[in-house]
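Reader: I have a structure to go through. Can we take it in questions and answers?

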Protein chains: 2
Amino acid sequence: MEAVMADAATIEAPARRGRVRPARREGAAKALGVPYIVRGIPTYDVLSEENLQKIERAADRILAEVGIEFRDDPAALDHWKRAGAKVEGLLVRFEPGMLREIVSSAPAEFTQHARNPANNVRIGGDKVVFSPAYGSPFVMDLDKGRRYGTLEDFRNFIKLAQSSPWLHHSGGTICEPVDIPVNKRHLDMVYSHIKYSDRPFMGSITAEERAEDSIDMARILFGTDFVDRNCVILGNVNVNSPLVWDGTMTRSLRTYARANQAAVIVPFILGGAMGPVTNAGAIAQSFAETLAGCALTQLERKGAPVIFGNFLSSMSLRSGSPTFGTPEPAIGSMVVGQLARRLKLPLRCAGNFSNSKLPDGQAMQEGLMSMLSAVHCGANFILHSAGFLDGLLSMSYEKFVMDADLCGALHSYLAGVTVDDNTLAMDAFLQVGPGSHFLGCDHTMRNYQTAFWDAALSDNEPFEKWSQEGGSTDMATRANRQWKKTLAEYEAPPLDAAVEEALLDYMDRKKAAMADAWY
Amino acid sequence: MEAVMADAATIEAPARRGRVRPARREGAAKALGVPYIVRGIPTYDVLSEENLQKIERAADRILAEVGIEFRDDPAALDHWKRAGAKVEGLLVRFEPGMLREIVSSAPAEFTQHARNPANNVRIGGDKVVFSPAYGSPFVMDLDKGRRYGTLEDFRNFIKLAQSSPWLHHSGGTICEPVDIPVNKRHLDMVYSHIKYSDRPFMGSITAEERAEDSIDMARILFGTDFVDRNCVILGNVNVNSPLVWDGTMTRSLRTYARANQAAVIVPFILGGAMGPVTNAGAIAQSFAETLAGCALTQLERKGAPVIFGNFLSSMSLRSGSPTFGTPEPAIGSMVVGQLARRLKLPLRCAGNFSNSKLPDGQAMQEGLMSMLSAVHCGANFILHSAGFLDGLLSMSYEKFVMDADLCGALHSYLAGVTVDDNTLAMDAFLQVGPGSHFLGCDHTMRNYQTAFWDAALSDNEPFEKWSQEGGSTDMATRANRQWKKTLAEYEAPPLDAAVEEALLDYMDRKKAAMADAWY
């Protein structure tokens, strides 16, 4: 193979439909990245039409007979009254079909703009966008173990994401910058996404005014008119399962919708605690809760983009601990995917989940079980694509780069099997014939550069070379070297000085106007 | 959850269709094992009808225009002549459709009998059978590292497989017992499978007389007439890709077929070396080679069971090393599954492949990528389900138990999502309502025991408990403890003394009749 490899530096054009081809060489990898994936394989539909309808009918009954509470947000209740829902106190009940009708005004697919237009992502349809994990208070690495996240960690993860050709999005609260006051850290987070990445990003949702601030900063970057007409920021809002929407969340989702920005509507259902212990019921509940949240965005602003989200999880019935990357949520997510497509809404599902406290076999097995379910179920926006450990309590530096490498493999996986005269290789069979080898044949020479995904962190050397020259490393050790090297080599994408100044000025004014709050 | 867990010892009935439910507790696990899985989810079909036909036509052209060499087996050439193939020297060419017609006499599904009838497996249709990895010269564990396998290791792996409720088959050459002469070790291997396991097993294929010996020993166990009428032993034979069948392999496959036993027909195509570097061509070649092998079994004995096998692999184009558990073979296997179903033949595909030299993140990520492709593509007999590391050069004690635990998770995964009044849980929603929890509700009490897979080797404790009480272990360390515990607790299933004596006598006579050979 040596001769074949000698001139492997040629760069291919970026992805075409069903032909997303990762790079052969480190240098080429970034150039071969694509702004988002266009699937070359169909979704994996595991449930029959009859059973899908049963789940939809169960969701209809939950919405009509049990209802959902909307707390601390009179404007949301007003929306529901005007739309014809039954509102009694905080409890809202919905006639079958009503919410489906309301969400039909939301776009099936939309563009989220990046400050570098080459990094704009399409969300919906047959598109797939990988975004880092979100929301951990802790960070960990093999050198220093677990500790609270800081703004420096937050920026490090933005830099690692920006440096990976296999992630498409800068994410949101990659980790909590715990060294910054709670009421001010959203300003630093949004600024850091804009400063250290030129990819799309997410804003704050922890209070209505923080959501407003996030969108205001996007307006400084993109211009007010542009923001009113285009999606430039996402806000990830959670249902308070079971069947409760808190005012903080509905005010935030309405803030994003009002600004024509996309809320990601996500119930987090830990089966047996926040929902039934059986999958079908948890899915029906998830469907009902998400549908209500999506509909509320449309009542706030008809036609605003919104993402139908899902986060099923299971519980260890020995200890009561949540479990992640287990088979039941993985298979359940496939069903949620089927249901979301029937609504024609973009889907957010699963991610690289794990409850392991180390970037070990458990971490990668659980992560892939969950991540493949997202990829198979047709998820369009995959939050938690990289870094998730410790049941979402910790962002791991090592797992982040391991997961990002896996996201690269999934580019090749999602391309599927291309069938044409070249890939069928009849010329190779006629040239090589029985009993010989294909190493140097014309067909191999023509195709080897783009044939196989080459994982950066997998060791494929023979045992002897691995042990004698490679130091007998495990994947986590190689990942530890990789993230340090990546951070050392990171260069920030250029940012217009006037925009940067305006953002810093906005932050200064906002921070000066508030006393620090730590809760 | 404590109260809920107090009486969790109830044992469920074994699997019903689509309701394979793993155990909650260690003691219950074995009782909850099933002899084989019946899929509750459909296969994942990634390629269109049009593209499937293109691959089939390419395979037809390979068979008609390039042909396959059959070396050192005149009887095989005679079969092909009589069947109407074009035979020129060793090269055999086939008219389109001819081999499909010949394999139509093979059963779409069959039973392989075990000495304990409760462990009989069905192979084909919607059934899934997990069997250990096969063929490594080395073994490894965290204590002693890598070394050549011995008969003791071989027996240890049989014991570990027998002890796992999540494997269904004892396998074949789980590792090479390198301390036994090459020409005699098949006797010890078959004897050990019979002695230390009461599950189905595989025999030797490395020489025609060793295949005969293996089947003879099965005849001692099951009776000659029974063996002539039923499948009791499998033989895994490899094509010498590209497009060559060696006489050793065809003689062995004919030996199995002649005895009405099932050969597993497997090309091992390392893309770029033994086949084209593009997936579609490698799949067409694999299809052609396997089809020819399957057809030869039917010419030897019409109606003999046979398994359509597949082992796609890729190559690191940087180093020329084979790679395993990579995305292209995973997605390619899904296509092979579609093709095999069109032939109505039982399918063997993929397994828990990895090139890692440790039971680390790489091992489990690559393993699951490959294993899920087997599960999704509809594989009926999944060889290499447990233990595979180091590019098949080593059986790992730790990975064996980690993979076996993963096989347990796949029992739950393959059950899919059950949709009925109980799982839809409407009573739970009506009882719990918005904002409360499901921990103690009637529905949870009724269902928690069977709701979620509980992984034996995953740590789901909170970080503090994991680090303070659990010793901050990784999965491999927990696996190291697990296999030692399992071996210490192993008890051999009872074996009829007369049968054992007859087997030992057969071995003694065979061994006495040959000088030791070490190659």
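Author: The questions below cover chain symmetry, salt bridges and a sheet, in a predicted model.

Reader: Which C-alpha of chain A is nearest the axis that relates the chains?

Author: Chain A can be laid on chain B by a turn of 180 degrees and a shift of 0.0 Å along the axis, with an RMSD of 0.0 Å. That is the relation of a two-fold axis. In chain A, the C-alpha nearest that axis, 2.0 Å from it, belongs to Gly361(A).

Reader: How many residues apart in sequence are the parts tied together by Asp390(A) and Arg146(A)?

Author: Their side chains meet in a salt bridge, 2.6 Å from N to O. Asp390(A) lies in the loop between β18 and β19 of chain A, and Arg146(A) in strand β9 of chain A, so the pair ties together parts whose separation in sequence is 244 residues.

Reader: Is Asp390(A) buried or exposed?

Author: Buried means under 20% relative accessible area. Asp390(A) has 3%, so it is buried.

Reader: Which helix holds the salt-bridge partner of Arg258(A), Glu208(A)?

Author: The closest N and O atoms of Arg258(A) and Glu208(A) are 3.6 Å apart. Arg258(A) lies in helix α10 of chain A; Glu208(A) lies in helix α8 of chain A.

Reader: Which strands stand at the edges of the open four-stranded sheet in chain B?

Author: The order is β3-β4-β2-β12 in chain B, with mixed pairing. Two strands each have a single partner, so one side of each is left without a neighbour in the sheet: β3 and β12 of chain B.

Technical notes. Residues numbered from 1 in each chain as written. Chains lettered and ligands numbered in written order. Predicted model: local features only at pLDDT ≥ 70, side-chain atom pairs only at ≥ 80, totals over all residues. Heavy atoms only, no water. Pairing = 2+ DSSP bridges. Least-squares fit on C-alpha atoms with pLDDT ≥ 70 in both. Salt bridge = Lys/Arg side-chain N within 4 Å of Asp/Glu carboxyl O. Buried < 20%, exposed > 50% of the residue type's maximum accessible area, 1.4 Å probe, protein only.
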